[in-house]
Amino acid sequence: MPADTSKSHLLFLTTKSPWTSSNAASCNDMVMTAGIFDQPVKLLFCNDGVYQLLAGQDGTASGMKTLARQLTALDLYGIEQVYVEESALQERGLQERDLLQAVTVLSCDQMQSLIAESRAVLVF
Amino acid sequence: MTLHTLNKHDKDLVQLCVSALAPEDSLLLLEDGVYAALGGTDSRLDTAILPAGLKLYALAEDLAARGISEKIPDVFIRITYRDFVSLSLTCNKVVNWN
């Protein structure tokens, strides 16, 4: 069967806050690893996952690593397709300008298409 | 066509999963995810507004364990683990919501 290049990317959905569990960090580790191995990756922030992208985060006072710093380096790992689910921002009183980097905001329908087009989908 | 599996009963997660369902996809509830089939006023899984063509499944073992086999709507097709394997083979991919 011929390879379907349109379905070649991995889609990561990250859905948890960076401060309560290691879920968000694990997702980021996998995303960066896939990037290092030149796997096409798309990253979609949903639900509390959008908190990872808030500008101005600093875990120094609580002795925790600041995941947001790693997220700003995603493009160095070849990950340029970063998306945010629209309702995740609205439901949390956030706007695009609150985020630390430029993202593409997706509607529900667009999220469904993105999932359909992906080779594999991993939810964190 | 994607098989979505939902194995937790977390409101945000159920809502996100539901918003990701496309027509012709399948949704399988298992483990604590089967509680979502009960509906209720606080439910994020309203079978009335799901996309047409979506197929709904619930794992019979998990329904039985929780005593809700007879309480969930008939629109959910009860399947066994063996059916789950067959179902996963007929789908393009499996997305596990967790």
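Let me begin with the sheet of chain A, an open one in which five strands run in the order β4-β3-β2-β1-β5 with parallel pairing; strands here are DSSP runs of E with at least two residues, helices are runs of H or I with at least four, both numbered from the N terminus, and two strands pair if DSSP finds at least two bridges between them. At the edges are β4 (104–106) and β5 (120–123) of chain A, each of which pairs on one side only, and neighbouring strands are turned by 25° against each other on average, direction ignored.

This is a predicted model, in which local features need pLDDT of at least 70 and side-chain atom pairs count only at pLDDT 80 or more, while totals for chains, interfaces and linings use all residues. Residues are numbered from 1 along each chain as its sequence is written, with chains lettered from A and ligands numbered from 1 in the order in which they are written.

Staying with chain A, strand β1 (residues 10–14) pairs with β5(A) in the parallel sense over four bridges, and within that pairing L11(A) stands opposite V121(A).

Turning to the two chains together, 11 residues of chain A are in contact with 11 residues of chain B, contact being defined as C-beta atoms, placed from the backbone, within 7 Å. On the side of chain A that touches chain B, α4 (108–117) and β5 each supply at least two residues, and the largest share, five residues, comes from α4(A).

As for confidence, the model scores ipTM 0.84 and pTM 0.88.

Terms used:
Axes fitted to C-alpha atoms, helices over the stretch in contact; angles between N-to-C directions.
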